Amino acid sequence: MSGSATLFGVIPVGSAFGRFVSRLIALPQLRRLTTGDIPWTPLRKPIADCTVALISTGGVHLRGDHPFHLNGDSTYRVIPGSARREDLAISHQAYDKTDALRDINLVFPIERLRELEAERVIGRLSDVHYGFGLMGSAQKLMPAIKEVARRLGRSGVDLALLVPA
Amino acid sequence: MTTVGLALVKEVAYAARAPRFLYLHWPFGHALGEPGNVPQQRAVLHDMLSMAVAAPRAGLVVPLPYRWRREAYAATLDWTTPGPAFSTALASLTGPGSISDPRQHRAPA
């Protein structure tokens, strides 16, 4: 897979330019969508007793699963906690994936969390984690976000860590 | 469920108005750092876990001071105590003399 990154297939994404495009696309939408109070759920138990899940927007999914549409995808992928790095792939074209393909932990730190579970720093690694791809419309992403939040809540996850592309 | 997010674009983190964000001025595709740099990746996770415990109110975006490819990361030995970089960054937002965040948050559910 090529490491060169383009947004929507045409806009080259360097670091500064990528940030500019990200702000340009995201800020007006977020300002419209995030009205009202900021939600707040304090941690109710020690980290060493918490079940921890990952949510990545880096386009990570199981190699055998459907890849994300590169120009925008409002769906999510389920990633089992038992997934090994060779089981995982990245479908995302808005960042340089060269390093993340060498070390998936840069966008989906599952191996690091597995170590923390073994060291009893965290209570438990969740059985299920979630991957999102590139999506220019925050509004279109909302149904999937709400479904993932419901699933995480039902599965007894105490702490979700969000990792961006 | 408690959430902690990493952000690579500070303005987006503020606009998202999420409960807890840590901001890193690092390139896209490198939220946890450099490939194979396990101490660095563990330091970021340590800060995320510390944020889950220590953030005193909703909406904080804590900028971590780590410079890209110019830091040496010591092994994280004590996971129950926040690291010095995170502690200093959080205190700069919440400590005496800091600017209070006027936004209110909901009471715990």
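Mentor: Let's start with a word you'll need: a residue is buried if 20 or more other C-beta atoms lie within 10 Å of its own. Keep in mind that we're looking at a predicted model.

Trainee: Okay, what makes strand β8 of chain A count as mostly covered?

Mentor: Strand β8(A) spans residues 128-132, and four of its five residues are buried. Four residues therefore have at least the 20 C-beta atoms that the cut-off asks for.

Trainee: How do you know that β3(A) and β8(A) pair?

Mentor: Pairing takes at least two bridges between the strands. Strand β3(A), residues 51-56, has two bridges to β8(A), so the pair qualifies, in the parallel sense. There, Ile55(A) stands opposite Tyr130(A).

Trainee: Where does chain A touch chain B?

Mentor: On the chain A side, α1, α2, α3, α4 and β9 each supply at least two residues. Overall, 43 residues of chain A are in contact with 40 residues of chain B. The largest share of the chain A side, nine residues, comes from α1(A).

Trainee: What makes a residue there nonpolar, and how many are there?

Mentor: The class goes by residue type: Ala, Val and Leu, for instance, count as nonpolar. By class, the chain A side has 25 nonpolar, seven polar and 11 charged residues.

Trainee: How do you know that β9(A) pairs with a strand of chain B?

Mentor: Four bridges join β9(A) to β1(B), residues 2-7, so the pair passes the two-bridge requirement. The two run parallel, and Leu162(A) stands opposite Gly5(B).

Trainee: What is chain B built from?

Mentor: Three helices and three strands, which run β-α-β-α-β-α from the N terminus on. Of its 109 residues, 45% count as buried.

Trainee: What makes a set of residues a nonpolar core, and which members have the most contacts in the largest one?

Mentor: The members must be buried nonpolar residues joined through C-beta atoms within 7 Å. The largest such core has 69 residues, and among those with the most contacts inside it are Val107(A), Leu161(A) and Met48(B). Helix α2(B), residues 38-54, gives the most, with seven residues. Leaving aside neighbours within four places in sequence, Met48(B) is in contact with Leu161(A), Val4(B), Leu6(B) and Leu22(B).

Trainee: Where in chain B is the pLDDT below 50?

Mentor: The mean pLDDT of chain B is 90, and 87% of its residues reach 70 or more. Over residues 100-109, though, the pLDDT is below 50, on a scale from 0 to 100. Where pLDDT is low, the predicted coordinates should not be read in detail. The model as a whole scores ipTM 0.89 and pTM 0.89.

Definitions and conventions
Residues are numbered from 1 along each chain as its sequence is written. Chains are lettered from A and ligands numbered from 1 in the order in which they are written. This is a predicted model: local features need pLDDT of at least 70, side-chain atom pairs count only at pLDDT 80 or more; totals for chains, interfaces and linings use all residues. pLDDT is the predictor's confidence in each residue, from 0 to 100. Two residues are in contact if their C-beta atoms, placed from the backbone, lie within 7 Å. A residue is buried if 20 or more other C-beta atoms lie within 10 Å of its own, exposed if 12 or fewer, and partly exposed in between; C-beta atoms are placed from the backbone.
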